[in-house]
Amino acid sequence: MEYLTSLPKDTSKAYTSIYGLEYAHPVKYYDFHVYYVGHNSQSVAEATKLRNKLLKEFEEEGKEGSIIVKKLKNDNVIGPHVTHFWEVDVVRPKIFVRLLSWFQLYHGTLSVLIHPQTGEDLLDHTSRALWLGKPLPIIESVFSNVDKGIPEFGVPGGKRLTAQEFDERRK
């Protein structure tokens, strides 16, 4: 994935919840996958316009690392997803609520998969997932070869962490 936003050196704002909000255990953060059809110029244009709108309206959150926006390199489809997508990861509950309501209003004809990161990828992408728009199939067999653990937040090529390791890195 190509990172369009990234974590700054000082990650304190990225992880700080000013109202003391927390996700239910074992959720560490959320991913939003915005799907589009790569060979359909109308779908690509709608997805690109939405991503640009998000980058503009959540510019400060991107700069402070509260959201990480990524897109596919070379528009290659990667499993478990059956079509093209771009992604937003969010670690702060307050920003999650804003993003969720924003996507409810602006996703248009695009499907959006919203799932937690708990370290159990199959469950996170299926029974624990939320959808805006039309749900799309998920290639579940991809998860049989995936290591357990939570992907490092905002780290390209990052390793998978235990819940304890993830929490320690937030400090």
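Strands β2 (residues 29–36) and β4 (residues 84–90) run antiparallel and are joined by seven bridges. You can pick out one of these links in this predicted model: Tyr35 has Phe85 in β4 as its bridge partner. As a reminder, strands of a sheet pair through backbone hydrogen bonds, either parallel or antiparallel.

Now step back to the whole sheet. It is open and has six strands, in the order β1-β3-β4-β2-β5-β6, with antiparallel pairing. At the edges are β1 (2–3) and β6 (130–132), each of which pairs on one side only.

Let us stay with β4 and turn to charges. Side chains of opposite charge can pair when their charged atoms come close. Asp89 forms a salt bridge with Lys70, and their closest N and O atoms are 2.9 Å apart. Asp89 lies in strand β4 and Lys70 in strand β3 (residues 67–71), so this pair ties together parts that are 19 residues apart in sequence. Are these two residues buried or exposed? Asp89 has a relative accessibility of 2%, so it counts as buried, and Lys70, at 9%, counts as buried too.

A search of the whole structure finds ten salt bridges. One of them joins the side chains of Glu57 and Lys53, at 2.6 Å from N to O. Glu57 is partly exposed at 38% relative accessibility, and Lys53 is partly exposed at 28%.

Another salt bridge brings together the side chains of Glu120 and Arg128, at 3.0 Å from N to O. Glu120 counts as partly exposed, with 30% relative accessibility, and so does Arg128, with 32%. Salt bridges can also share partners, and in this way Lys70, Glu87 and Asp89 are joined into one network.

Next, look at the surface. Ile18, Tyr19 and Leu21 form a nonpolar patch there, with about 340 Å² of accessible area together. Leu21 lies in the loop between α1 (12–15) and β2, and it is partly exposed at 39% relative accessibility.

Finally, find Phe166 in helix α6 (residues 163–170). Its relative accessible area is 2%, so Phe166 is buried. Which residues does Phe166 contact, leaving aside its neighbours within four places in sequence? They are Lys28, Tyr29, Val91, Ile150, Pro151, Phe153 and Leu161. The C-alpha atoms of Phe166 and Glu152 are separated by 7.2 Å, although the two residues are 14 apart along the chain.

Note on methods. Residues are numbered from 1 along each chain as its sequence is written. This is a predicted model: local features need pLDDT of at least 70, side-chain atom pairs count only at pLDDT 80 or more; totals for chains, interfaces and linings use all residues. Side-chain values use heavy atoms; hydrogens and water are left out. Helices (H or I, at least four residues) and strands (E, at least two) are DSSP runs, numbered from the N terminus. Buried means under 20% relative accessible area, exposed over 50%, partly exposed in between (1.4 Å probe, protein chains only). Contact means heavy atoms within 4.5 Å. Two strands pair if DSSP finds at least two bridges between them. Patches are made of residues with over 30% relative accessible area and no salt bridge: like charges are joined within 9 Å, nonpolar side chains (Val, Leu, Ile, Met, Phe, Trp, Tyr) within 5 Å. Accessible areas come from the Shrake-Rupley method with a 1.4 Å probe; for residues, only the protein chains shown count as cover. A salt bridge is a side-chain nitrogen of Lys or Arg within 4 Å of a carboxyl oxygen of Asp or Glu.
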